[in-house]
Amino acid sequence: MSAPVVHTAHPTRGPAVEAVYATGTVEPMQYAQTGSKISGRIVEVRVKEGDKVAKGDVLAATDSTEDASNVRDMTAKLVLAKADAARAARLRRARDISIAAYDQALSALNSAQGLLDAAAARLDDHLIRAPIAGTVLRSELQIKVGDMVQQQQTLFIIGDPSALQIDAQVDEEDIPKVRIGQQALIRADAFAGQALKGTVSELTPYGDPVSRTYRVHLALPADTPLRSGMTTEINIVVRQDDNALLVPVTALSGGSVWIVANGHAHQRKIVLGAVGQEKAEVISGISAEDEVVTDPPSGLVEGARVRARSGG
């Protein structure tokens, strides 16, 4: 029975890139969310998406009728308390009232001032203000006059749309390979066929034990076409060798390859590096002079006689 024919080829030299896969969302490097401090009905909306605002600018307001009335009442009571305190001061100078009575008038004045301050703060809570300077990137609910909003509900996102980054999630088993400064290739559905660039800028030290991922921030160049809110797929380049030893992916048999020497097949354990769609990097286990079986047949056993046909 003649020996079976196997196709062989020598390993080649070429570039190999090992990358860590991640997914992420484009976001401003600086942004803040804001909403109403209290529940209520919207009575005014002063901004729209795209508007520039300064820190502290009023973005919208909720109905403050009741609290405005309370401020007016507390203001009137403060006016009376001030008049009573002034009268008590005159009487005390004339020794017509006791020290205790004078102190009581001052205490009433301080109490009235405190109540007014509290009422004014409550009234101010009806104003939804910009927490930072920037651009109104998003109105979360497209709120309009008459809408009901809840306490601490996010209503606006303010930030700088010109300085962007990607908030990415990397699997915990891959995070030890990721370093600040590594380059990344980014793909987004909006730019099909384009490999955009980014750089690892920050690694969070504590992972999410539920999703078993770590957050990684990628800085984007100023001319990136990506926009806030876009989802992306990312390959972070963790190692690159421009002169790697490569074999066809079809030659792999788990963690080994088959070679032919003196007409016999021999299995060689290898250490794999980067694996692409067509080629795989071999870090150790074989040399460039070995004749590698490019598509080992099933049932091939150690030491079996074979006929090598190069170029397969």
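How many bridges join strand E8 to strand E10, and which way do the two run? Select residues 134-139 for E8 and 154-159 for E10: four bridges join them, and they run antiparallel. While you are there, click Arg138, which stands opposite Ile157 in E10.

A word on what you are looking at: this is a predicted model, where local features need pLDDT of at least 70 and side-chain atom pairs count only at pLDDT 80 or more, while totals for chains, interfaces and linings use all residues. Residues are numbered from 1 along each chain as its sequence is written, and side-chain values use heavy atoms, with hydrogens and water left out. Helices (H or I, at least four residues) and strands (E, at least two) are DSSP runs numbered from the N terminus, and two strands pair if DSSP finds at least two bridges between them.

**The sheets**

Now widen the selection. E8 and E10 belong to an open sheet of four strands, ordered E3-E10-E8-E5, with antiparallel pairing. Colour 31-35 (E3) and 52-53 (E5) to see the edge strands, each of which pairs on one side only.

Next, go to another open sheet: its four strands come in the order E7-E6-E4-E9, again with antiparallel pairing. E7 (127-129) and E9 (148-149) are at the edges with a single partner strand each, so one side of each has no neighbour in the sheet. Zoom in on E6 (residues 58-62) and E7, which pair over three bridges; Ala61 has Leu127 in E7 as its bridge partner.

**The cores**

Time to look for nonpolar cores, meaning sets of buried Ala, Val, Leu, Ile, Met, Phe, Trp, Tyr and Cys residues joined through side-chain atoms within 4.5 Å. Buried is under 20% relative accessible area, exposed is over 50%, and partly exposed is in between (1.4 Å probe, protein chains only).

Select Ile166, Val170, Leu226, Ile234 and Ile236: these have the most contacts inside the largest core, which has 23 residues. Strands giving two or more residues to this core include E2 (12-28), E13 (196-203) and E15 (231-248), but E11 gives the most, with four. Apart from this core lies another, of 13 residues, including Ile42 and Ile158.

Which residues surround Ile234, leaving aside its neighbours within four places in sequence? Show its contacts (heavy atoms within 4.5 Å) and you will find, among them, Val20, Ile166, Ala184 and Leu218.

**The salt bridges**

Last stop: salt bridges, each a side-chain nitrogen of Lys or Arg within 4 Å of a carboxyl oxygen of Asp or Glu.

- Asp67 and Arg122 meet at 3.2 Å, N to O. They link helix H1 (residues 65-93) to helix H2 (residues 99-124), 55 residues apart. Asp67 is buried at 13%, whereas Arg122 is partly exposed at 41%.
- Asp167 and Arg215 have their closest N and O atoms 3.3 Å apart. One lies in E11 and the other in E14, so the pair ties together parts 48 residues apart in sequence. Asp167 is buried at 15%, and Arg215 is partly exposed at 40%.
- Arg239 and Glu281 meet at 2.6 Å, N to O. This pair links E15 to E19 (residues 279-284), 42 residues apart. Glu281 is buried at 3%, while Arg239 is partly exposed at 26%.
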